[in-house]
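I opened this model to look up its pockets.

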Amino acid sequence: MPHLDEEFLDSAESLEALDSRGSLRALATAGAQVRRAIVAAREAGIDRVAGGDRPRSVLVASLGGSSVVCDVLDVLAEPGSPVPLTTRREAPLPGWIGPLDLVIAVSLSGRAQGPLALAAEAARRGASLLTVGASDSPLADICARGRGVHVDVATPAPTSRAAMWSMLTPVLLAADGLGLVDCSEAVLERVADLLDERAEECRPSSESFVNPAKMLALGLAETVPVVLGDGALTGVAAGRAAAMLARTARMPATHGALPDAASQVVACFDGPFSGGGAGGGGVAPDGGRDLFADPFLDGPPSPQLGLLMLRDHPVAPGAPGHLDALEAGRLAEAVVESARDAGVRVWEVEALGGPPIERLASLIAITDYAATYLALGLGLDPAVSRHVTDLRDRTS
């Protein structure tokens, strides 16, 4: 069973020594990433995307650490976008994409093969292009040859996971300008302020008992985590959290969104990883560690299921969507109660109020920090995985 040393997490010097590429510092720049990306998008001529006219359709291409851009734009546009929006990680480009359509390709390095291939084919067919990535990269070159708009990512980051807001902001501004989402510069400025507040709240020098990300990391370290969103918006945050837990903290995590994932998650409460299931010894009735267990007689503690429930901000009575939110809240409460009854450890994180992108940002910021602290507390460099490096060597 993994164990985090709370004293290590509370030592800013120890964290910095292990964090070789400054992942925590990069997360702290999230607000600055938004502001710099707004300026970079403006200078690149973001208002010229698709000639300033609404396209027939929009396709967004990103993968790996950049794939959250697809998910965020998809969930924000879905309720009221006047044109269809699709996402794609890899080639081929759908056959219906042509001169009336817009293709958005995102890659921090500007060299990811999937977005590169999709952007190149889109340019060949005469589709409008918006690309976001490194300057002087193959992606920027394809965009220039296709007479599209390329936005440079100016803020340095150790990984694409830590550069989310640099990549997402220009895409949201373009989508707002085309009337696909409601995400103006003013809204994004508020997102930047919110991210700055989260960075202060989750800073490395903040002790575990007042730092929500460190507290979450300490709990998740002793579980097999399942991350569940109580709806479509929080489901995107759940997907991002699971990806960060796996890629950054090397913790295998599954995720889902209610209502679809309710049954498959609750079914796991009968299994070997719940406190009341058929697991090994060392488990207290409440799902925590049994301090009196004998590791020789009872066996080592088995991994325990942990449920991280991401909750949307409550909808005020009489506001649009209030009844739907009440129904979603009842289902989420039922899942949480079932989990606790089964001896599963539960954490709940509620989004702050505001427009959808602000609510999403408030959840993602906490779980990004938690995954990074979890990696460091386990003695792992958040940005460097020897097995990922080995995989790249084997496939290059």
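**Entry 1: ground rules.** I am working with a predicted model, where local features need pLDDT of at least 70, side-chain atom pairs count only at pLDDT 80 or more, and totals for chains, interfaces and linings use all residues. Numbering runs from 1 along each chain as its sequence is written, and side-chain values use heavy atoms, without hydrogens and water.

**Entry 2: largest pocket.** I looked up the volume (the space filled by probe spheres set on grid points joined across faces, edges and corners). The largest pocket holds about 1,000 Å³. A pocket here is an open set of points on a 1 Å grid over the protein atoms alone, where a 1.4 Å probe fits, with protein on both sides within 12 Å along at least five of seven lines; lining residues have an atom within 4 Å of a point. I found 33 lining residues, and Leu-233, Asp-312, Val-315, Ala-325 and Arg-359 are the closest to the centre.

Next I checked the helices (DSSP runs of H or I, at least four residues, numbered from the N terminus). α5 (68-77), α11 (232-247), α13 (322-341) and α14 (356-377) each give at least two lining residues. α13 has the largest share, 7 residues.

**Entry 3: second largest pocket.** Its volume is about 860 Å³. Of its 31 lining residues, Gly-64, Gly-65, Ser-160, Arg-161 and Arg-392 are the closest to the centre. Two or more residues each come from α5, α11, α15 (386-395) and β3 (102-107), a strand (a DSSP run of E, at least two residues). α11 gives the most, 7 residues.
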